[in-house]
Amino acid sequence: MQTSGRQATAAPTAAPLAIELRGISKAFGPVQANKDISIEVAKGSIHGIIGENGAGKSTLMSILYGFYKADAGEIYISGNLTPIPDSQSAIRAGIGMVFQHFKLVQNFTVLENVILGAEGGAMLRGAMAKARETLTNLAREYELDIDPDAVVEDLSVGHQQRLEILKALYRQADILILDEPTGVLTPAEADQLFRILNGLKDQGKTVILITHKLREIMEITDTVSVMRRGQMTATIKTADTSPEELAELMVGRKVLLSVDKRPATPGDMVLEVENLRVRDEAGVERLKGVSLTIRAGEILGIAGVAGNGQSELLEVLGGIARGTGTVRLNGQEIALTAAADGQTRRARGIAHVPEDRQHLGLIMDFTAWENVAFGYHHAPEYQKSALFMDNDAIRADAASKMERYDVRPPIPTLAAKNFSGGNQQKIVVAREMDRNPNLLLVGQPTRGVDIGAIEFIHKQIIALRDAGKAVLLVSVELDEIMSLSDRIAVMFDGEIMGERDPATTDERELGLLMAGVVK
Amino acid sequence: MDFATLIQILDSTVRLATPLLFACLAGLFSERAGVFDIGLEGKMLAAAFLSAAVAALTGSVWLGVLAGIFASLLLSGIHGLAAITFRGNQLISGVAINFLASGLTVLLGQKWFGLGGRTPSLTDGGRFEPITLPFADAIAPLPIIGPIYAELISGHSILVYLAIACVPASAWVLYRTRFGLRLRAVGENPAAVDTAGVSVTGIRYAAVAICGVLCGLAGAYLALGLAAGFGKEMTAGRGFIALAALIFAKWRPWYALGATMLFGFLEAVGNRFPSIDLGLFAIPSQFVQALPYIITVVILAGFIGKARPPRAGGEPYVKER
């Protein structure tokens, strides 16, 4: 490995180690998730672990937290060999973990969630009183204010994460592992989290931050370890590296981080949305009168924290959900109620790359060629006669699309579930983009997609725009919105808070709009 | 309807509600822990049979109760094994238990006693006798309070009082103890319990075992308290009505008391007034007897509004990758 020389010199010399892993290996069936991984984490530092999806970061941390048993290898905590067969042992060893998907009981109070598993006696009364006092002290010490009697489902995501950190601290964790902590946070909440983490570090705690976001690594960590395909490829002092170098280490080749695109040349009006309203099953209004326009040759990016109506916007335009209001495509009104479905939308030239590709974009157990045909299975070139489909033609078409959209492996007979996240997304993108739609709806195009594939998908979206098509891009990744969009609209609580020009705005301004603070 | 009739109906309500209450609380513990149990019916039936059989053979009502609990626990164990350890489908397992109990009770009953699936009628000592509470005779002559105390409150078998005592006990366990906290958590989000270092499997088995014991008491009361012996299919859907009551009660102990009393009342009314004459026309007896079941359907159709079941209910816990 090219960086192995640096690895030896990079480790801080005298600092005592909080954690040392030696030769950790773990396989799930034929998949080697972790291969002979060794890593040293200095006490009182913030250590980043970065890698693409499926690189084995989460598996490694789950081994450290006793969720999985390693096939081989040793764990040293503060210099002592510490076997961790279960989570109880990890907690005893002073390790706390904040999972990507919070492990909270939604209808319990904050206090109940904190004491769960650490009640300290068979009766709750005493434990609750003690926990309340400890929680108050912790909150003061680390600036983690939270109402102990609030019910979790009423808390914001940021506060739920705080609660997870408090849970770990209540169990006297000295080592805190956070798995992709900022995925669900607004930029302001993320900044606050980083302040908290720095505070923990100042108190002598050790923090391990797992992420795939280069920016976060650069911003907050002292040391960073890079993982690729189950192996640790490098451990470097953050100050000595650059995002470009880390990206290259993650992917194994040079990656273009910024998107290369010419200025937009907007043409005729393609999509006009006026006063669009949507109610969900419970009768709650999710879109509260959204209006927007997109011209040909233009990408409108919708920024916002997940759950502020972006999904509903995509679903109504894609014909999956119903709503009220006016939507015109190339000047002609399209149905929003009874007659709406994905089929009629496609007939009008609206292609949809849905946010949730595993549920809406693909049938995971079906083959790639079947998935390539879905939604367009009535296309005349797929028919042999009035009754029968021409499967050979579909397979040939799928093979050609998979080739052109760089789906790996390019085998049409493989089931969708056997492709990696990035390649699954490429299958959906190939199906939707290759028919030259007038309007492309695309939600979270690179969620769970590795850096190499992100680059490719971004290029395809730009290419479609340059071919004079309109694109509506919804993403929770602000970087993606900033680099792809020609205009940015920010959604909060079912409304468009404002529109900004990506050239003149910044993350701070967008973040305030996303939080609903300014309008 | 005069006062004496009302007291009689309410008295009968309490007795008829008792097996429902036991079964409802049984289901409550299981479902609050995330294990759905439509096998309440089968467990009750098996418990009723074995308790009646043992009571008939030994002449001891308490040995009968123990045997009933044993039978129910055995089926609970099967359900736990299928639903928790082998992560099977909880509905299928419950249905299988119902079929198993329905067939096995008749088969064994015929083999042991040769009475066409029934057990011999229980005589003194083999079944529960009513308990007369202190001062019942002294208070009885008083107006209003007298009949309420002497007939409605006094004069039930010990299991009736036990069932009612189980309500505050259950509420206390669920909301005041560590075990209760963990049990409720396991039914909502087992991953939270698992990451807290507590065994999900252990808590769920404990819940299923409690369910077994309470179902055993329900069955034993049917055969040894309400009736005097076991009759083929004597549970008559009470396990399912208990499930309906559980939903009606929104999985809470005190509400469970109210819900099962309502169903008990409907059954008591059905028994007391085979047909109700409204002057212009008479409500036929079939309708009155079907009333509890009709109400069940209405309740389950969402008449009561949103009853939110435990979030992790019905799903085996698998650690995510």
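**Calling the features of a predicted model**

Mentor: Start with A:Q444, which sits in the loop between β17 (439-443) and α16 (451-466) of chain A. Helices (H or I, at least four residues) and strands (E, at least two) are DSSP runs, numbered from the N terminus.

Trainee: How should I read the numbering, and what kind of model is this?

Mentor: Residues are numbered from 1 along each chain as its sequence is written, while chains are lettered from A and ligands numbered from 1 in the order in which they are written. This is a predicted model: local features need pLDDT of at least 70, side-chain atom pairs count only at pLDDT 80 or more, and totals for chains, interfaces and linings use all residues.

Trainee: Why does A:Q444 count as buried?

Mentor: A residue is buried if 20 or more other C-beta atoms lie within 10 Å of its own, exposed if 12 or fewer, and partly exposed in between, with C-beta atoms placed from the backbone. A:Q444 has 23 C-beta neighbours inside 10 Å, so A:Q444 counts as buried. Its phi is near 40°, a positive value in a residue other than glycine.

Trainee: And A:N275, why is that one called partly exposed?

Mentor: A:N275 has 13 C-beta neighbours inside 10 Å, so the label is partly exposed. It lies in strand β11 (residues 269-279) of chain A. Phi of A:N275 is near 50°, which is positive in a residue other than glycine.

Trainee: What is the peptide bond from A:R408 to A:P409, cis or trans?

Mentor: It is cis, with omega near -5°. A:P409 is in the loop between α14 (391-404) and α15 (421-433) of chain A.

Trainee: What are the domains of chain A, and where do their bounds come from?

Mentor: Chain A has domain 1 (1-94 + 209-250) and domain 2 (269-514). The bounds come from an automatic or database domain assignment. The centres of these two domains are 36 Å apart, taken over C-alpha atoms. Their contact takes five residues from domain 1 and five residues from domain 2. Two residues are in contact if their C-beta atoms, placed from the backbone, lie within 7 Å.

Trainee: Now chain B. How many helices and strands are there?

Mentor: Chain B has 13 helices and two strands.

Trainee: How do you know that chain B is as compact as a globular protein of that length?

Mentor: The radius of gyration is taken over C-alpha atoms, and the globule rule is 2.2 Å times the number of residues to the power 0.38. For 321 residues the rule gives 20 Å, and chain B has a radius of gyration of 20 Å, so chain B is as compact as a globular protein of that length. Buried residues make up 46% of the 321 residues.

Trainee: Which residues does B:C24 contact?

Mentor: Leaving aside neighbours within four places in sequence, the contacts of B:C24 include B:A242, B:A245 and B:T260.

Trainee: How do you know the span of helix α7 of chain B is close to the expected one?

Mentor: The expected span is 1.5 Å times one less than the number of residues. Helix α7 (residues 158-176) has 19 residues and reaches 26 Å from its first C-alpha to its last, close to the expected 27 Å.

Trainee: Where does α7(B) bend?

Mentor: The bend at a residue is the angle between axes fitted to the seven residues ending there and the seven starting there. At B:V167 that angle is about 25°, and a proline, B:P168, follows within four residues. The buried residues of α7(B) pack against α1 (3-32), α10 and α12 (253-272) of chain B.

Trainee: Last one: why is B:A83 called buried?

Mentor: B:A83 has 27 other C-beta atoms within 10 Å, so B:A83 is buried. It is found in helix α3 (residues 61-85) of chain B. Not counting residues up to four places away in sequence, B:A83 touches B:V35, B:G88, B:Q90, B:S93 and B:P316.
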